[in-house]
Amino acid sequence: MAIYPILKMGDARLLRTAQPVTEFDTDALHQLVQDLLDTMRDANGAGLAAPQIGVDLQVVFFGSPERNPRYPDRPLVPPTVLINPVITPLSDEEEDDWEGCLSVPGLRGMVPRWRKIRYTGFDQYGDPIDREAEGFHARVVQHECDHLWGKLYPMRVRDFSQFGFTEILFPGISAAEDD
């Protein structure tokens with residue numbers, strides 16, 4: 001089990017476009033997936049992207065079979081390894097909702113995202129993934145994949161009157177659960 005430090009906003013490595021994975025089902029890729037899972041669970045994350053732990057590859061892990069203390073009222077998202085993703089909106093309809101990020105600790109912002117998407121890519125074995133998602137599931141996928149393209153959620157906030165410290169906006173969520 002390896003828990004890695006999560007890079008924070010301001011680190012230039014979070015602004016790069018990650019490289020596609022070219023070899024699947026390797027020991028190194030399986031170890032990266034395990035490291036993402038361990039680090040995400042340790043931080044109570046809804047997802048984690050490889051660039052957030054300093055690895056310049058298009059790999060994300062998101063979802064959990066258990067409720068997340070950072071998002072206690074959100075529906076469960078199936079645990080998924082997604083590599084070299086492509087996201088396609090299934091309509092122009094957007095939905096605004098609050099987001100936080102392990103790389104932007106202690107803050108939340110209202111972020112517009114496509115409400116319904118299709119995402120494709122591969123798992124760590126190279127098997128294809130092709131799914132449709134909506135609501136919170138779609139939001140998590142888009143948020144994590146943004147990390148692969150050098151975007152952090154504050155770059156998507158349109159109204160900065162709806163951006164601030166979690167402890168002020170959501171006093172029921174402790175700082176320890178949000179960092």
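This is a predicted model: local features need pLDDT of at least 70, side-chain atom pairs count only at pLDDT 80 or more; totals for chains, interfaces and linings use all residues.

Colleague: OK, which residue does UniProt list for "active site"?

Modeller: The unreviewed UniProt entry lists Glu144 under "active site", and glutamate 144 is found in helix H2, residues 135–148.

Colleague: Is glutamate 144 buried or exposed?

Modeller: Glutamate 144 has a relative accessibility of 4%, and because buried means under 20%, glutamate 144 counts as buried.

Colleague: And what is glutamate 144 in contact with, leaving aside its neighbours within four places in sequence?

Modeller: With those neighbours left aside, the contacts of glutamate 144 are Gly47, Leu48, Ala49, Gln52, Val60 and Phe62. As for leucine 48, the side chain of glutamate 144 reaches its backbone nitrogen at 3.3 Å.

Colleague: Switching to the "binding site" annotation, which residues does that cover?

Modeller: In the unreviewed UniProt entry, "binding site" covers Cys101, His143 and His147. They span 47 residues in sequence, yet no two of their C-alpha atoms are more than 10.4 Å apart, so they gather at one spot. From this set, Cys101 and His143 belong to the lining of the largest cavity.

Colleague: Where are the two histidines, and what do they touch?

Modeller: Not counting residues up to four places away in sequence, histidine 143 touches Glu99, Gly100, Cys101, Arg113 and Tyr153. With neighbours within four places again left aside, histidine 147 is in contact with Arg16, Ala49, Pro51, Gln52, Cys101, Ser103 and Leu152. Histidine 143 counts as buried at 8% relative accessibility, and histidine 147 is buried with a relative accessible area of 2%.

Colleague: How many residues of H2 are buried?

Modeller: In H2, 14 of the 14 residues are buried, so the helix is largely enclosed by the rest of the structure. From its first C-alpha to its last H2 reaches 21 Å, close to the 20 Å expected at 1.5 Å a residue. Just after H2, glycine 150 takes a positive phi of about 75 degrees.

Colleague: Now the strands: how do E4 and E5 run, and how many bridges join them?

Modeller: Strand E4, residues 94–101, and strand E5, residues 104–114, run antiparallel and are joined by seven bridges. The two form a hairpin with two residues between them, and aspartate 97 stands opposite valine 111 in E5.

Technical notes:
Residues are numbered from 1 along each chain as its sequence is written. Side-chain values use heavy atoms; hydrogens and water are left out. Two strands pair if DSSP finds at least two bridges between them. Helices (H or I, at least four residues) and strands (E, at least two) are DSSP runs, numbered from the N terminus. UniProt positions are given in the numbering used here, feature names are shortened, and annotations may be inferred rather than shown by experiment. Buried means under 20% relative accessible area, exposed over 50%, partly exposed in between (1.4 Å probe, protein chains only). Contact means heavy atoms within 4.5 Å. A polar contact is a pair of N or O atoms within 3.5 Å; within protein, one must be able to donate a hydrogen and the other to accept it, and residues adjacent in sequence count only if both atoms are side-chain atoms. The expected span of a helix is 1.5 Å times one less than its number of residues. On a 1 Å grid over the protein atoms alone, a cavity is a set of points where a 1.4 Å probe fits but cannot get out, and a pocket is an open set with protein on both sides within 12 Å along at least five of seven lines; lining residues have an atom within 4 Å of a point.
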